[in-house]
Amino acid sequence: MDYDYIVVGAGSAGCVLANRLSANPANQVLLLEAGPKDSNFWIHVPLGFGKNVNNPSVNWCYQSEPEPYCRGQSYLLPRGKVLGGSSSINGMVYVRGQVEDFDHWAQLGNRGWSHEDVLPYFKRSENNSRGASAQHGVGGPLSVSDVSEPNRLCDALIEAGGQIGIPRNDDINGQVQEGIGYHQATIRNGRRNSTAVAFLAPARGRANLHVETGALASKVLFEGTRAVGVAYTIDDHPQEARAGREIVLCGGAFNSPQLLELSGVGQPDRLRDLGIPVVHDLAGVGHDLQDHQIVRMRWRITQHVTFNEQVHGWRAVRSALRYMFSRTGVLSMPTLPISAFARTREELATPDVQFQVFPGSYENLEARQLDSLPGVTMGVTLLRPESRGWVHCQSANPREAPAIFHNLLQTEGDRRTAVLAMQLCRQLMEAPAMDALRGVELTPGKDVQTEDQLLDAARDIMQSNWHPTSTCRMGSDPLAVVDQRLRVHGLSGLRVADASIMPTVVSGNTNAACIMIGEKASDMILEDAAA
């Protein structure tokens, strides 16, 4: 089977690339996805997020390595294994990051990745419900919409933010991110607008686009240092496809470095130990894993204004009927209606923490069974973590999960920021605007007061925020994996285009930036083909 382009991974970036590369009927494009079609009912119901957070039929359900600075705990790491990838199982929150994030990428030597450079790609993908502006676009495939139903608890928290110096911000994707306000979300008419729905579905009728589901890539095929094809299996039957122009890896921060190592690209000693023939020495593969670190603090709420009570008893029946007949109500909501982006220290130029507000609560994160009593969960998130981890193959078997190590709370800076952020989150919850709603603090609890006690609590409950990046980092230093045009250093015919290429993790949820990367990568690939 011969194609011009092979895209490996039908996730947030991969679906974008499949659409854009196949727009020219002269390009034969193959899209490989290890998971199934996105036919799971709960994928498309926004609050159905909790149903698939640990569902192995559409989710890799990875598990972290034990964390030495967090009591040796290991935790769930969901990743989409389905058309749309993680955009089919995420919380649908649309956050681009700070203007300064992308300017920093450019300052590191990655020309073409400043905010001015990437803004047109954010806008091109968007069909924003607020209309066109200097910061937002219309007419793109991706629906970006306002939260359909403001919530009394969220409104009170926004007022509380103003009372403690966190200003209201009605567009956190504007020129300034700092503040508290409602998110926009990748939801259209009460249904999830994943990249499979937004980008892939409109292109599926093209004769030159071939989509294979259940196709697990086992390695990239090389002739010398040129990538020429991909080996994969469908129902345990080996297959091969050849690419006349390029192969683009879009497996994300865990699977793209895994596939490179399976293909013989990485640290030679590590590959030899696994019995993998070395094709190319590239020390940075799997190195420099970055992720937002999150402490989830919980409070009981004294009135019926949260998601909890709307999914129990007679209210659950009402919620189901509302969604069935009008696509409204709690089931049509993103997981995080609002966030606060704030600075833990006045001397900082931009926010270093995000408070992700889920107007509900649960005892077990992995089970995601909402409590019967009203509650709120405040995800205290470190936006610019100093801690670094890694992702590496554990064997030459592509079906075996990679080893994933975050190294949470590794640095004194991260530990200090976590404590300051937890204190600031309490200030927000204890502001006067919350007096009529605030109940008892459940996690970590009112008995945890001193800085040492807060840090101890953080070690118990700190986890990944499921925003992994930077394991195939863009740059020109010895540990960079791709150049500024996303070409793998030292090889030809091979690029990576997903969250793994981020030089530093963006300041916020990563899905929007991954879609932008797919958009920009498609232009670079087509430009280079025409040159």
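Helices (H or I, at least four residues) and strands (E, at least two) are DSSP runs, numbered from the N terminus. The structure is a predicted model, in which local features need pLDDT of at least 70 and side-chain atom pairs count only at pLDDT 80 or more, whereas totals for chains, interfaces and linings use all residues. Residues are numbered from 1 along each chain as its sequence is written, and side-chain values use heavy atoms, with hydrogens and water left out.

Glutamine 293 is located in strand β19 (residues 293-301). The relative accessible area of glutamine 293 is 1%, so this residue is buried (under 20% relative accessible area, 1.4 Å probe, protein chains only; exposed is over 50%, partly exposed in between). Beyond its neighbours within four places in sequence, glutamine 293 is in contact (heavy atoms within 4.5 Å) with residues including Val380, Thr381, Leu408, Leu409, Asp414 and Met462. A polar atom of the glutamine 293 side chain lies 3.0 Å from the backbone nitrogen of leucine 409.

Asparagine 90 lies in the loop between β4 (76-77) and β5 (93-94). With 17% relative accessibility, asparagine 90 also counts as buried. Residues up to four places away in sequence aside, asparagine 90 touches Phe49, Arg192 and Asn511. Its side chain reaches the backbone nitrogen of methionine 92 at 3.1 Å. The C-alpha atoms of asparagine 90 and aspartate 236 are separated by 29 Å, the two residues being 146 residues apart along the chain.

Conventions: Polar contact = N/O pair within 3.5 Å; in protein donor to acceptor, adjacent residues only side chain to side chain.
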